[in-house]
Structures are given as C-alpha cells and as structure tokens.
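Subject: Structure for your review

Hello,

The structure is placed below, and my notes on it follow. Please read them with the coordinates open.

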Amino acid sequence: MSVQEKAPRRQGRYTVVFPTAPRVLGAASVVGPMEGRGPLGQLYDRVTADDILGQKSWEQAETVYMVDACRLALEKAELAPDGVDVLVAGDLLNQMVTSNVAAAQLGIPLFGIYSACASFAQALFQAAVLVEGGFARHVLVATASHHKTAERQYRYPNEFAHQRPPTATWTVTGAGAVVIGGGDGDGPRITAGIVGRVVDLGVKDPYDMGSAMAPAASDTITRMLTDTGTAPEDYDVIITGDLGELGTKLLHELTAQSGLPVSSRHQDAGMLIYRPEQDVHAGASGAAGAAVVFASWLLPQLADGHMQRAMVAATGALHSPTLIQQGGSIPAVCHAVIVEGGRGVGA
Amino acid sequence: MATEKAKKQYQTLVKQHTPPRPIVRNVVAAFVVGGLISVLGQLIFGGLTRLGFASKDAYGYTGAVLIGLSALATGFGVYDSLAKFAGMGANLPITGFANSIVSPAIEFKREGYVMGVGAKMFTIAGPVIVYGLASAAVMALLRWLLGGVGR
C-alpha cells in the first residue's frame with residue numbers, strides 16, 4: 001500500500017483525516033439473552049441462551065463473548081487470527097482482563113485500551129491510524145462488557161437488594177468486533193477521527209452517567225463538525241454511545257447552545273438496545289453498547305446505501321468508585337470517527 | 001479545566017432535566033411491602049408461641065426464620081427483584097439486612113472461601129454493624145452516666 005507522503009492528515013484543530021480511508025472488512029456482534037429480546041434482537045450475529053456460557057465466572061463469560069465476536073468478525077473478513085497484525089481491544093474491568101485474556105486466546109498482538117464506554121470509538125480510531133499509516137495491514141477492533149461483571153466491580157453484588165434511580169443505566173452483556181484493513185473495494189470506510197478531550201463538570205452521581213458524559217459528547221461532536229466544516233444535517237446519523245434519556249436531552253440542549261443542534265440527526269446507541277418494557281431505566285451502557293449497535297444496525301445500513309455518512313461518537317464515563325468515595329466527580333470523554341458508505345469512498 | 005461557574009451552570013441544567021424520582025409510588029410500595037414483611041414476622045411469632053415457645057425465645061426464633069427465608073430468596077435471585085419494587089420496604093426489615101450479607105457471600109464465592117466469602121461478606125453490612133455497636137456503646141455510657149445500670 002502506498003502511503004501518501006504529502007497528504008494532509010489534520011483538519012481544523014483536532015480532527016484527523018484518513019486520505020486512504022481504511023475499510024471495514026467485517027464486523028460481528030454477540031449479545032446476551034436480555035439484549036436479544038431488545039429491538040435489535042434479529043440483527044445480532046449471535047444471541048446466547050444464558051449469560052454464563054458454561055464458564056466458572058461472569059468474567060470468563062465476558063471473555064468468551066469477546067473471543068466469539070472476534071472469531072465471527074474474522075470469518076466475515078475471511079481472515080485467520082494470524083492474518084491480523086494488531087488487536088485493539090477494551091473493556092470495563094480492572095487491568096482490562098477481558099481484553100488481555102481474549103488476546104492470549106486469539107494469539108494476536110494486543111493494544112489494550114481504556115476509555116470506558118468510549119473505548120469502541122477509540123479502538124476504531126487507532127485501527128484507522130495504524131492502517132492509514134501503513135503500520136498494519138489488518139487490525140481487529142473489539143470491545144466487551146457484561147452486566148454482572150460491571151455490577152460486582154463498580155457497584156453492588158448482583159443479588160443485593162436495592163432500588164436504582166430513573167437515571168441509572170444497564171450495562172450491555174456482549175461484545176462487538178470489527179476488522180479494519182486497507183486497499184480498494186466497497187464497504188464502509190473510516191474517513192476521519194477525533195481524540196476526545198476529557199470534560200468534568202462536577203457530576204458526582206454514579207447512577208447518572210448520562211449527565212456526566214453529555215458535555216464531553218457535545219464538545220467532541222461540535223469540534224469535529226467545526227473542524228470538518230460540516231453541519232449535523234450532513235450526516236445520516238450522529239450516534240452516541242450511552243447517554244440515555246437524560247444525557248440525550250442534555251446533549252441536545254448543549255449542542256443547540258453551541259449553534260450546531262444535533263437533535264434532528266442524533267441517535268443514542270444506549271436507547272436502541274432495550275425496549276421500554278424491559279425497564280432498565282435510562283437505557284443501556286457499557287463498552288459493548290456502541291460496538292454491537294455499530295456492527296448490527298449501523299454498518300449494514302452504510303453498506304447497502306441506506307446511509308451515506310455517520311459519525312460514531314462513543315461516550316465514556318471515566319468513573320472510579322475510589323474517586324467518588326473520596327468526594328471526586330466523574331470525568332468523561334467522547335472519541336469519534338466518521339464512517340462513510342457506498343462505493344469508491346476515499347479511493 | 002472547567003470553571004466553577006461553568007460547573008454550577010451545568011448542574012443547574014442537569015437539575016432542570018432530571019426526571020423526578022417517583023417518590024409517592026416508592027413510599028407506598030415501601031409501606032405495603034415493609035408492612036407485609038412485618039405481618040409475616042408477626043404470623044411466625046404467633047405460630048411459635050402457639051407451639052409453646054415462650055415469647056422471650058419466640059422473638060429470636062422469628063428473626064432467625066425471617067433471615068433464613070431472606071437468604072433463600074436471595075439465593076433464588078428473587079429478593080433483589082422485590083427490592084426493585086419495594087425499595088426501603090425490602091431493605092429496612094431484618095430480611096434486608098440478611099440480603100446485604102448473603103448477596104456478597106454468593107457473589108464472591110468464586111474468589112474462594114477466605115478472600116471471597118470471608119473477606120467480602122460484610123462489605124455492605126459491615127458499616128451498619130460497626131456504627132450499630134458504636135452507638136449502642138454510646139447509649140449505654142449515657143444511661144450509666146444518667147442513672148446507673150442494672151435497674
């Protein structure tokens with residue numbers, strides 16, 4: 001692959017553009033039974049019958065979700081694990097155990113990343129950089145989360161009796177994986193990306209991540225629109241990760257204040273995953289959320305021409321129970337990439 | 001770094017848009033379920049005294065039966081659903097206290113009986129026990145200062 005030495009790679013203050021537009025070669029999603037009963041149930045590649053998957057612990061089950069999603073995505077891209085140069089993976093657990101163990105099982109060199117639920121967009125961005133720069137031919141991106149591992153690490157034991165407030169979100173059980181490569185051919189391509197600034201406006205309620213993340217989402221989306229000289233209407237969808245109901249309202253308010261209101265084009269992945277009668281309160285969250293919606297819902301629409309251009313702005317609440325106990329607040333970040341569909345994009 | 005003013009402004013915005021907690025619904029559900037658990041306790045107590053236990057002993061046994069029932073319900077994964085509906089109505093009775101000890105014991109069994117069950121069992125109930133004992137000691141001290149003990 002030829003690297004275009006002179007092509008400018010930056011646009012505006014923070015946005016990075018990819019002149020050769022790395023291509024999505026395959027993507028897959030594997031989710032738990034509750035997600036399978038949600039509105040996108042038919043679109044996922046695999047819905048598991050239970051969420052323990054015959055493993056000894058929820059953590060091990062989470063790893064199985066990630067490995068399965070990776071293998072399915074590789075199958076679609078017609079690649080074997082040894083044909084992949086780098087795995088960029090993230091999850092919500094301490095020491096990124098899910099990604100580490102999955103990488104050990106797959107035998108692919110790992111870039112482990114953490115930006116909570118924004119990990120998926122960060123991973124896509126890093127994959128695009130590696131492929132665009134000619135540093136890798138094929139990069140596998142994967143993120144996973146599990147409701148039960150997240151609850152026991154961040155909050156309470158799963159069987160502990162307590163009432164969650166209306167702003168609480170429900171961590172997605174599952175994983176999504178995407179193979180990014182270069183070269184010609186059809187298929188959705190990543191044309192730009194942006195690294196998010198960490199924003200902390202003092203939200204301290206761990207049961208209200210949406211409020212903590214909305215300013216970061218607004219910041220990143222507004223900067224990307226400004227940098228690229230585009231308006232929200234230039235996108236078929238601007239999809240955030242897991243703002244939930246309240247976070248969505250706040251994002252609409254904040255972007256309206258900044259003069260680039262996104263409400264007409266915005267969808268929140270967290271609000272696409274469960275039905276209202278599943279009673280998860282504000283919506284879905286988790287590192288897998290944006291990934292499974294991307295693989296099952298967004299990508300097919302970009303591939304078949306229903307959509308031309310999407311901004312994937314995954315949001316992450318960088319929540320630390322220790323920091324909260326010490327009186328701190330919840331910093332948040334939002335990374336984003338622009339994905340374009342159709343033939344010959346970027347070629 | 002966001003200024004204090006920006007933080008204040010944003011928090012006002014958050015407050016404006018935050019959906020209100022369904023307080024009336026929660027209070028009614030807590031009252032009804034908490035009440036029903038107490039009625040169940042009363043029924044057990046009545047049954048025990050009818051079986052011939054002295055009231056003094058029956059109080060302790062009633063608590064033990066409720067704790068056992070709550071532990072079973074926690075193990076079968078239904079007590080947390082009850083609390084989702086009833087909130088404090090399920091937390092406050094002794095059954096809620098039992099759940100707070102049994103749920104971490106179940107959750108952390110996979111980390112082993114010493115560092116898992118043993119170390120984590122009282123992560124939620126621990127503070128209640130510590131401050132319960134501390135306030136009992138303070139009350140006992142006050143009572144002794146005000147009029148002596150043993151009367």
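A:Thr240 stands opposite A:Ala313 in S14(A). This is a predicted model, and that pair belongs to the parallel pairing of strand S11 (residues 237-240) of chain A with S14(A), which counts four bridges. Strand S14 (residues 309-317) of chain A is mostly covered, with eight of its nine residues buried. S14(A) also pairs with S15(A), in the antiparallel sense and through nine bridges. Within that pairing, A:Val312 has A:Val337 of S15(A) as its bridge partner.

S15(A) leads on to another strand. Strand S15 (residues 332-340) of chain A is joined to S10(A) by five bridges, and the two run antiparallel. A:Glu340 in S15(A) is the bridge partner of A:Arg189. S10(A) pairs as well with strand S2 (residues 15-17) of chain A, again antiparallel, over three bridges. There, A:Val16 is opposite A:Gly193 of S10(A). How many of the six residues of strand S10 (residues 189-194) of chain A are buried? Six of the six are, so the strand is largely enclosed by the rest of the structure.

Next, a helix pair in chain A. Two packed helices are described by the angle between their axes and the distance between the axes. For helix H6 (residues 209-228) and helix H7 (residues 244-257) of chain A, the angle is about 40° and the axes are 8 Å apart. The crossing of H6(A) past H7(A) is right-handed. On the H6(A) side the contact is made by A:Gly210, A:Ser211, A:Met213, A:Ala214, A:Pro215, A:Ala217, A:Ser218, A:Ile221 and A:Thr222. H7(A) contributes A:Gly244, A:Leu246, A:Gly247, A:Leu250, A:Leu251, A:Leu254 and A:Thr255. Sorted by class, this contact has nine nonpolar and seven polar residues, and no charged ones.

Helix H5 (residues 147-154) of chain A has A:His147, A:Lys148, A:Thr149, A:Ala150 and A:Arg152 as its buried residues. What covers these residues of H5(A) includes helix H2 (58-76), strand S7 (138-145) and strand S8 (170-171) of chain A, together with H6 of chain B.

Helix H2 of chain A also holds A:Ala61. A:Ala61 counts as buried because it has 23 C-beta neighbours inside 10 Å, where 20 or more are needed. Leaving aside neighbours within four places in sequence, A:Ala61 is in contact with A:Asp51, A:Ile52, A:Leu53, A:Gln55 and A:His146. A:Ala61 and A:Thr173 are 112 residues apart in sequence, with 9.6 Å between their C-alpha atoms.

Two loop residues of chain A have backbone angles to check. Most residues other than glycine have a negative phi. A:Gln95 has a positive phi, near 60°. A:Gln95 is found in the loop between strand S5 (86-90) and helix H3 (97-106) of chain A. Is A:Gln95 buried or exposed? A:Gln95 is exposed, because 10 other C-beta atoms lie within 10 Å and the limit for exposed is 12 or fewer. The phi of A:His281 is positive too, near 75°. A:His281 sits in the loop between strand S12 (266-268) and strand S13 (284-285) of chain A. With 17 other C-beta atoms within 10 Å, A:His281 is partly exposed.

Now the interface between the chains. In it, 30 residues of chain B are in contact with 24 residues of chain A. On the chain B side, the elements that give two or more residues are helix H1 (4-17), helix H4 (79-86), helix H5 (88-91) and helix H6 (94-107) of chain B. The residues on that side divide into 13 nonpolar, 11 polar and six charged.

Last, the domains of chain B. The assignment gives domain 1 (18-120) and domain 2 (122-151). The C-alpha centres of these two domains of chain B lie 23 Å apart. Their contact takes five residues from domain 1 of chain B and four residues from domain 2 of chain B. Which element gives the most to the domain 1 side? H6(B) does, with four residues. By class, the domain 1 side has three nonpolar, one polar and one charged residues.

Regards

How values were computed
Residues are numbered from 1 along each chain as its sequence is written. Chains are lettered from A and ligands numbered from 1 in the order in which they are written. This is a predicted model: local features need pLDDT of at least 70, side-chain atom pairs count only at pLDDT 80 or more; totals for chains, interfaces and linings use all residues. Two residues are in contact if their C-beta atoms, placed from the backbone, lie within 7 Å. Ala, Val, Leu, Ile, Met, Phe, Trp, Tyr, Cys and Pro count as nonpolar, Asp, Glu, Lys and Arg as charged, and the others, Gly among them, as polar. Two strands pair if DSSP finds at least two bridges between them. Axes are lines fitted to C-alpha atoms, for helices over the stretch in contact, and angles run from 0 to 180 degrees between N-to-C directions. A crossing is left-handed if the near helix is turned anticlockwise from the far one by less than a right angle, and right-handed if clockwise. Domain bounds come from an automatic or database domain assignment.
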